[in-house]
Amino acid sequence: MTERQQPEINREAISAMRRSYGEAGLSESAALKDPIAQFQSWLHDAASNSMIVEANAMVLSTVSESGPSSRTVLLKDVTSEGFTFFTNYSSRKAREISGNSSVSLLFPWYPMERQVIISGSATKISESASADYFATRPWSSQIGAWASAQSSELDSRETLETKWKEYAEQYPEGSVVPKPPYWGGFLVTPSVIEFWQGRYSRLHDRLRYEKTTQSNWKLQRIFP
């Protein structure tokens with residue numbers, strides 16, 4: 001039996017990948033004064049767009065001594081305080097945040113020719129707030145949090161599924177599943193929020209809000 005041939009794509013084909021963006025733009029006069037409110041407006045638009053699978057999916061980037069790393073996580077709350085997501089505190093992302101709290105979030109809403117980039121600092125939320133959210137998760141996800149030693153080496157898929165079944169037996173569906181002590185939320189307090197809207201001829205609109213005081217933001221347009 002011969003090894004399955006994988007399709008290839010060459011440099012020319014990659015360099016030729018491009019599309020023309022739309023006419024609709026983002027002006028300073030149309031942008032809301034509060035970037036959190038502006039984000040909530042765009043999130044609502046993204047959630048209403050049938051072509052976007054998970055509007056709250058965001059790319060979280062962290063950095064450590066060995067360099068940066070990125071992964072997709074889900075936004076679970078946004079308030080005037082910032083952006084909240086949940087994870088295993090033993091995971092790579094959490095370990096890197098403990099060493100350097102500076103992070104970035106990227107919301108890539110490609111079908112709408114939009115993206116939002118957020119720079120800020122991540123801190124753990126309270127145990128009680130994490131427990132409150134954990135209690136709202138589907139039972140299967142609660143069991144998954146117990147079964148996964150996130151980011152550590154796993155010898156096989158079967159081991160993971162065996163661990164899941166063991167915890168499912170310990171906490172049967174319909175019972176109260178406690179929050180694992182190593183699981184909880186992070187709040188990303190933003191310092192910069194940038195809104196990007198694709199435009200024709202690569203003349204994209206980029207509006208950046210930079211925090212100047214606890215309650216004030218400076219809005220500026222930057223070159224695309």
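## A partly exposed arginine to start

At 40% relative accessibility, Arg202 counts as partly exposed, a label for residues between buried (under 20% relative accessible area) and exposed (over 50%), with a 1.4 Å probe and protein chains only. You will find Arg202 in the loop between strand 7 and strand 8. Its phi is near 65°, a positive value in a residue other than glycine.

Before we go on, a word on the model: it is predicted, local features need pLDDT of at least 70, side-chain atom pairs count only at pLDDT 80 or more, and totals for chains, interfaces and linings use all residues. Residues are numbered from 1 along each chain as its sequence is written, and side-chain values use heavy atoms, with hydrogens and water left out.

## The whole protein

Along the principal axes, the C-alpha atoms fill a box of roughly 60 × 55 × 40 Å. Of the 224 residues, 35% count as buried.

The protein exposes about 13,800 Å², and carbon and sulfur atoms supply 51% of that area; accessible areas come from the Shrake-Rupley method with a 1.4 Å probe, and for residues only the protein chains shown count as cover. Contact here means heavy atoms within 4.5 Å. Among contacts with a separation of 6 or more, residues 24 or more positions apart account for 63%.

## The nonpolar cores

In soluble globular proteins, nonpolar side chains tend to be buried together. A nonpolar core is a set of buried Ala, Val, Leu, Ile, Met, Phe, Trp, Tyr and Cys residues joined through side-chain atoms within 4.5 Å. The largest one here has 33 residues, and those with the most contacts inside it are Phe39, Phe83, Phe107, Trp109 and Val116. Several elements give two or more residues to this core, including helix 2 (35-47), strand 1 (57-64), strand 5 (102-109) and strand 6 (114-124). Helix 2 provides the largest share, 5 residues. Apart from this core lies another, of 12 residues, among them Phe86, Trp139, Ala147 and Tyr171.

Not counting residues up to four places away in sequence, Trp109 touches Phe39, Trp42, Leu43, Ala46, Ile52, Ala55, Arg114 and Val116. Another residue to look at is Gln38, which sits in helix 2. At 5% relative accessibility, Gln38 counts as buried. With the sequence neighbours up to four places away left out, Gln38 touches Leu26, Ala30, Ala31, Leu32, Phe195 and Tyr209.

## Strand 7 and its partners

Strand 7 is largely enclosed by the rest of the structure, because 12 of its 15 residues are buried. Two strands pair if DSSP finds at least two bridges between them. Strand 6 and strand 7 run antiparallel and are joined by 11 bridges; here Lys124 has Phe186 in strand 7 as its bridge partner.

Strand 4 also pairs with strand 7 in the antiparallel sense, over 6 bridges, and the bridge partner of Thr84 is Leu187 in strand 7. Strand 8 pairs with strand 7 antiparallel over 6 bridges. Gln197 stands opposite Asp205 in strand 8.

## Helix 5 and helix 6

Helix 5 covers residues 139-147, and Trp139, Gln142, Ile143, Ala145, Trp146 and Ala147 are buried there. The buried residues of helix 5 pack against helix 4 (127-134), helix 6 (157-170) and strand 7.

Gln170 belongs to helix 6. With a relative accessible area of 49%, Gln170 is partly exposed. From C-alpha to C-alpha, Gln170 and Ile143 are 9.5 Å apart in space, while 27 residues separate them in sequence.

Another loop residue deserves a look. Glu113 is found in the loop between strand 5 and strand 6, and its phi is near 55°, a positive value in a residue other than glycine. At 13% relative accessibility, Glu113 counts as buried.

Technical notes. Helices (H or I, at least four residues) and strands (E, at least two) are DSSP runs, numbered from the N terminus.
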